[in-house]
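Please open the structure in your viewer and keep the selection tool at hand.

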Amino acid sequence: MPPNFANTIRRIVSCSLLIAAGLISSQVVAQSPLFQPLFEVLTHPRCLNCHTKTDFPRQGDERRRHAQLVVRGEDNHGAPTLQCSACHQDENVADGAVPGAPHWALAPLSMAWEELSPSELCAVLKDTSKNGNRNLEALFKHMSEDELVLWGWTPGGDRTTPPLSQPAFVEALRVWVDAGGPC
């Protein structure tokens, strides 16, 4: 068996075991078992609070409207008089009260994931007209290296993190990308 094929099989089995073991808890199941672990992460509040379909960001696990009545703004960085960067710096503040990462902003409305089924989210994720013209490899790079994305696993304060560790997410993402991004 070629090494790449063996690694792909190993990763598929690992993802399948996560699902079978009940470590992935969503009531909504993706058609592709390879997308399911990604769906679990992408629909966690750390992601959905900024990938919102509203004209304002959300915060907390309960996804409440952002304090200070912050709004999206034309460029997804807040209103001209209250930009995201006014509070959110390049890193979390020492006490964890205000999270931070480089280029803090809302995702564009084209990448709003709220209330999408796994197959809908998968399709939006891969739609280059909506995702910043990213093919699967560019999505992999964005989701595995972008400091704002990585912030989801080091959110500071008492914020929860996604259900998979960042390395496990990257591994599941690699399997999904290598398989052609099945939905």
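Begin by selecting Cys47 and Cys50. The sulfur of Cys47 lies 8.9 Å from the closest cysteine sulfur, which belongs to Cys50, and this is too far for a bond; a disulfide is a pair of cysteine sulfur atoms within 2.5 Å. Cys47 counts as buried, because its relative accessibility is 17%. Here buried means under 20% relative accessible area, exposed means over 50%, and partly exposed lies in between, with a 1.4 Å probe and protein chains only.

Two remarks on the model are needed before the next stop. Residues are numbered from 1 along each chain as its sequence is written, and side-chain values use heavy atoms, with hydrogens and water left out. The model is predicted, so local features need pLDDT of at least 70 and side-chain atom pairs count only at pLDDT 80 or more, whereas totals for chains, interfaces and linings use all residues.

**The disulfide**

Which cysteines does a disulfide join? Select Cys122 and Cys183: a disulfide joins them, with an S to S distance of 2.0 Å. The pair links distant parts of the chain, 61 residues apart, with Cys122 in helix H4 (residues 118-126) and Cys183 in the segment after helix H7 (166-178). Helices (H or I, at least four residues) and strands (E, at least two) are DSSP runs, numbered from the N terminus. The torsion about the S-S bond of Cys122 and Cys183 is about -80°, so this disulfide is left-handed. Cys122 is buried, with a relative accessible area of 0%, while Cys183 is partly exposed at 24%. By the distance rule, the count comes to one disulfide.

**Helix H4**

**Helices H5 and H7**

Next, select helix H5 (residues 136-145) together with H7. Their axes come within 10 Å and cross at roughly 180°. Axes are lines fitted to C-alpha atoms, for helices over the stretch in contact, and angles run from 0 to 180 degrees between N-to-C directions. H5 is therefore roughly antiparallel to H7, a term for angles over 145 degrees.

Where do the two helices touch? On H5, the contact (heavy atoms within 4.5 Å) is made by Leu136, Glu137, Phe140, Met143 and Ser144. On H7, the residues include Phe169, Leu173, Arg174 and Trp176. The residues of this contact divide into eight nonpolar, two polar and three charged. Ala, Val, Leu, Ile, Met, Phe, Trp, Tyr, Cys and Pro count as nonpolar, Asp, Glu, Lys and Arg as charged, and the others, Gly among them, as polar.

Keep H5 selected and show Leu139, Phe140, Met143 and Ser144, the buried residues of this helix. They cover an arc of only 115° around the axis, which puts them on the same side of H5. What covers them includes helix H2 (36-42), H4, helix H6 (147-150) and H7.

**The whole protein**

Finally, select everything. There are seven helices and four strands in the protein, and along the sequence they follow the pattern α-α-α-β-β-β-β-α-α-α-α. Buried residues make up 41% of the 183 residues.

Terms used:
Angles under 35 degrees count as roughly parallel, over 145 as roughly antiparallel, 65 to 115 as roughly perpendicular and the rest as oblique. The arc is that of the directions from the helix axis to the C-beta atoms.
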